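Please examine the sequence and the structure shown below.

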Amino acid sequence: MSKNTAIFIGLLAVLAILAGLANLPSRASDLIEMSFDPSFSLTDHNGQPATEKNFSDKYVLYYFGFTNCPDICPVDLQKLADAYDRLPQDKKDKLQILFITIDPERDTPKAMKQYLSNFNNNFVGLTGSAESIKSVGKGFKIYAEKAEMDHGGGHEHHGQKPANYTFNHTAMFYIALPQNKSLGVLKNELDPAALARNLTVIVH
């Protein structure tokens with residue numbers, strides 16, 4: 001092989017690497033890289049079967065919580081709604097936000113749909129059997145533990161019986177790339193402006 005041929009092949013290899021890097025998402029300043037398994041087989045808030053393949057052409061932000069959550073979940077979902085509203089339309093079109101319940105006993109599709117209508121109609125709620133939810137949580141490496149409430153009573157919530165238990169659980173935003181490739185997490189401590197800034201960098 002001549003010296004010129006070797007140089008030419010080397011240049012082609014460099015160009016191929018650069019082309020591959022161009023297709024990767026830019027590094028978001030607050031992103032914590034981690035791997036997780038985003039696969040699931042659940043029921044969406046319209047009562048239809050849903051798997052990760054339904055959203056494989058989009059970037060997906062996953063959030064785990066429950067509709068009876070007294071504080072963290074509604075605050076985080078409102079942050080997501082505000083951040084989503086700040087995104088350019090082309091970014092919104094490429095991003096899907098999924099809210100997966102950790103309380104399938106009370107979070108029926110109807111309850112999920114009613115709850116999410118308070119935040120953004122483009123968000124999709126997912127529920128399923130206790131076994132299915134546990135399996136999904138394991139794939140995402142989340143922590144979720146039921147905790148009995150100290151007081152009795154309570155008022156009806158979204159047409160459900162009064163809550164006599166709550167959950168201690170992981171509260172982070174999990175990000176997956178198109179084709180269901182895990183990317184990492186964003187902390188829920190970020191404000192809407194910071195969330196939108198990170199998502200603008202990630203989604204391209």
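Helix H6 (residues 192–202) lies across strands E4 (59–65), E5, E9 (172–177) and E10 (181–187), and runs at about 160° to E10. Helices (H or I, at least four residues) and strands (E, at least two) are DSSP runs, numbered from the N terminus. Axes are lines fitted to C-alpha atoms, for helices over the stretch in contact, with angles from 0 to 180 degrees between N-to-C directions.

The model is predicted: local features need pLDDT of at least 70, side-chain atom pairs count only at pLDDT 80 or more, and totals for chains, interfaces and linings use all residues. Residues are numbered from 1 along each chain as its sequence is written, and side-chain values use heavy atoms, with hydrogens and water left out.

The buried residues of H6 are Pro 192, Ala 194, Leu 195, Ala 196, Asn 198, Leu 199 and Ile 202 (buried means under 20% relative accessible area, exposed over 50%, partly exposed in between, with a 1.4 Å probe and protein chains only). Their cover includes E4, E5, E9, E10 and helix H2 (72–86).

## The pair H2 and H6

The axes of H2 and H6 come within 8 Å and cross at roughly 50°. H2 is therefore oblique to H6 (angles under 35 degrees count as roughly parallel, over 145 as roughly antiparallel, 65 to 115 as roughly perpendicular and the rest as oblique). On the H2 side, the contact is made by Lys 79, Leu 80, Asp 82, Ala 83 and Arg 86; on the H6 side, by Pro 192, Ala 193, Leu 195 and Ala 196. Contact means heavy atoms within 4.5 Å.

## The sheet

Eight strands form an open sheet with mixed pairing, in the order E1-E10-E9-E4-E5-E6-E2-E3; two strands pair if DSSP finds at least two bridges between them. Strands E1 (32–33) and E3 (49–51) stand at the edges with a single partner strand each, so one side of each has no neighbour in the sheet.

Helix H4 (residues 109–116) packs on the sheet, where it touches E2, E5 (95–101) and E6 (124–127), and its direction makes about 155° with that of E6. Strand E2 (residues 41–44) runs antiparallel to E3, joined to it by three bridges. Within this pair, Leu 42 stands opposite Ala 50 of E3.

## Ser 56 in a loop

Ser 56 lies in the loop between E3 and E4. Ser 56 counts as buried because its relative accessibility is 19%. Beyond its neighbours within four places in sequence, Ser 56 is in contact with Pro 178, Gln 179 and Asn 180.
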